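Here is a friendly walk through a structure for anyone who likes to think in contacts and geometry. Have a look at the chains first, and then read on.

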Amino acid sequence: MRPVTYTAAADVAGAISAVAGNPDAAYLGGGTTLIDLMKIDVMAPAHLVDVTGIQSRDPRLARIDEMGDGRLRIGALVSNSDLAHHPAVRTRYPVLSEALLSGATVQLRNMATVAGNLLQRTRCYYFRDTASPCNKRQPGTGCSATGGYNRMHAVLGGSDQCIATNPSDMCVALSALDAVVRVRGPAGERTIALVDFHRVPGDSPEQDTVLEHGDFIVGVDIPALPFAARSHYLKIRDRSSYAFALASVAAALDIQDDVIRGARLALGGVGTKPWRAREAELILVGRPATVDTYREAATAALRDAVPQRHNAFKIELAKRTIVRALTTVGRMV
Amino acid sequence: MDDGDSPSEDLPPRRDDSAPDLGSPADTVDPAALYRGIELDRRTFIAASIAAGLPYVVRDHRKWASLAGAPATAEQFGDVVEGALVGPAAVPVELMINGASHRLRLEPRVTLLDALRDYAGLTGTKKGCDQGQCGACTVHIGGTRVLSCLTLAMSVRGRPITTVEGLARGTTLHPMQQAFVDHDAFQCGYCTPGQLMSAVALLHEPCGPSASDVRECMSGNICRCGAYPNIVAAVQDVRASHASTHTGPASAPASLRRS
């Protein structure tokens, strides 16, 4: 690893000024992405601002609060483990708990923070290999995946510059749940809908999110969504644990008298960002909760999919994953 | 990971640098000294035996450090001041490992894994992949299991760190260590320290009761030899003999907690 300087931030304002004023600085949270990528020289910040100690000064960053209006407010430094096992998450948003527990391992979930998970970098093997051209790692060098081995890559949201998938499970669930990211920057606090937080690569794949340098994620709010108690995350992967998704589905259904009154659907493992499937949701609402309806929705969700040489299987896999996830939710009492 | 070039002048020498000088008569003792609480580890034994041709060499790395150079004073190890920029050169850092204070000089880029092995002389924690995928480097921070290869030592200053060396009480093995022996839960043993740290943590985690639950909760620890069935058996044995350890975070008996 390259030499770095280090500051243990005392508070949020100090952290922001330390990073915003230094283009080579980065926030250090759980470290599961950043330290890993620094070791292989994919990321090379010269200065690390450790924010993990701030919670002693600002406990809200490490808390999960149920707000008066039904929102769930999650602090940026809450670990993936604590979030997954929180009673309110387990009962009100099981899709989120299941998504978190399907990702990584206990050790990594104990370390990984909510804010860090939002900023997780792709697992594209060319991105992680400094010997390969990669527009996301080094803009303008080209994409090794489009003409290379691309079995794990995206079929939705890609460009000729980049087809790397977003690897997060948590973000797929948050996307389905209409979560909102709370951000504080040098100019004050603002909110960003989760579905707008990540970018598709387009011509600037090096920018994973809409954040500006120095922006500090304060936390995530999930709106009250009563029917999310009837939700599920289904993840299909090459082995039964500790693997990234080939395809995954976050689904919630509001079913009354066998008719779908509300639906939330998002996909992971197939998109360049956590992929909210709004076309599919429009098909589901007002229709009978049957497998035929689910199949139609699945077809709509993958209508714009573009296969690469080695990942065409993901399109059919994603459709079947959608149908199975919706069927599971439809049978929940 | 490159740990840098030469230590600064007041830094106790690194183990690898220091081993060849161990052959002085003063460092040679009767093996019975082992039972008086003096450390003999495999690494020191091999290195020193090769260097000096002596059959038994014992040393305590802290004693050695104090002999080899002036240790930093307490004032120098106050702590990294919040908000202050430190590095990239080595700075004083105090780590609390297995209940003991270790005053080290570390560059900010040094991981906890490298700090444990190369600076504190605690080589029980193993370096496998060094990129967060194998679990060999698992340790506890405040009782929670984490990967020391992806943790900067700077970020756990002053927090209670438990390594595999901290599991046993004197010559009495932790029940999980004993269960690993009883169930032959290893072959080469390289992954075992990490397996043990995960297995001990699992006892007070919300892990379901079945063998498949255990496999899922242990999936972050890779065993190249494939001792998985025996590892699961060892974990289940300890859980069965300490009832209700799987029902919640606060339910582990005190005898099973080590941090």
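## Domains and core

Please keep in mind that this is a predicted model. Chain A is divided into domain 1, covering 5-50, and domain 2, covering 231-330. Between the C-alpha centres of these two domains of chain A there is a separation of 36 Å.

The largest nonpolar core holds 163 residues, and the members that touch the most others are A:A173 and A:I322. In soluble globular proteins, nonpolar side chains tend to be buried together. Leaving aside residues up to four places away in sequence, A:I322 touches A:V249, A:L265, A:Y294, A:A297, A:A298 and A:A301.

## Two helices in chain A

Several of those neighbours turn up again in a helix pair. Two packed helices are described by the angle between their axes and the distance between the axes. In chain A, helix α11 (residues 291-301) and helix α12 (residues 313-330) have axes that come within 9 Å and cross at roughly 140°. With that angle, α11(A) is oblique to α12(A), and the crossing is right-handed.

Which residues bring α11(A) and α12(A) together? From α11(A) come A:V291, A:Y294, A:R295, A:A297, A:A298, A:T299 and A:A301, and they meet A:K319, A:I322, A:V323, A:L326 and A:T327 of α12(A).

## A glycine in a strand

A:G262 sits in strand β11 of chain A, which spans residues 259-268. Is A:G262 buried or partly exposed? A:G262 is partly exposed, because 17 other C-beta atoms lie within 10 Å, while 20 or more would be needed for a buried residue.

Not counting residues up to four places away in sequence, A:G262 touches A:F227, A:D254 and A:V285. Another glycine, A:G286, is 24 residues apart from A:G262 in sequence, and their C-alpha atoms are 8.0 Å apart in space.

## Where the chains meet

In the contact between the two chains, 29 residues of chain A are in contact with 32 residues of chain B. On the side of chain A that touches chain B, at least two residues each come from β1 (5-8), α2 (34-39), β3 (47-50) and α6 (106-111). The element that gives the most to this side is α6(A), with five residues.

## Chain B

Chain B contains eight helices and six strands, arranged along the sequence as α-α-α-β-β-β-α-β-β-β-α-α-α-α. Of its 259 residues, 42% are buried. Among contacts in chain B between residues at least 6 apart in sequence, 62% join residues at least 24 apart.

Helix α4 of chain B (residues 112-119) is mostly covered, with eight of its eight residues buried. After α4(B) comes B:G121, with a positive phi near 75°. Elsewhere in chain B, helix α5 (residues 175-182) and helix α8 (residues 228-241) pack at an angle of about 135°, their axes 8 Å apart. This angle makes α5(B) oblique to α8(B), in a right-handed crossing. The residues that meet are B:P175, B:M176, B:A179 and B:F180 from α5(B) and B:A234, B:D237 and B:V238 from α8(B).

Notes. Residues are numbered from 1 along each chain as its sequence is written. Chains are lettered from A and ligands numbered from 1 in the order in which they are written. This is a predicted model: local features need pLDDT of at least 70, side-chain atom pairs count only at pLDDT 80 or more; totals for chains, interfaces and linings use all residues. A nonpolar core is a set of buried Ala, Val, Leu, Ile, Met, Phe, Trp, Tyr and Cys residues joined through C-beta atoms within 7 Å. A residue is buried if 20 or more other C-beta atoms lie within 10 Å of its own, exposed if 12 or fewer, and partly exposed in between; C-beta atoms are placed from the backbone. Two residues are in contact if their C-beta atoms, placed from the backbone, lie within 7 Å. Domain bounds come from an automatic or database domain assignment. Helices (H or I, at least four residues) and strands (E, at least two) are DSSP runs, numbered from the N terminus. Axes are lines fitted to C-alpha atoms, for helices over the stretch in contact, and angles run from 0 to 180 degrees between N-to-C directions. Angles under 35 degrees count as roughly parallel, over 145 as roughly antiparallel, 65 to 115 as roughly perpendicular and the rest as oblique. A crossing is left-handed if the near helix is turned anticlockwise from the far one by less than a right angle, and right-handed if clockwise.
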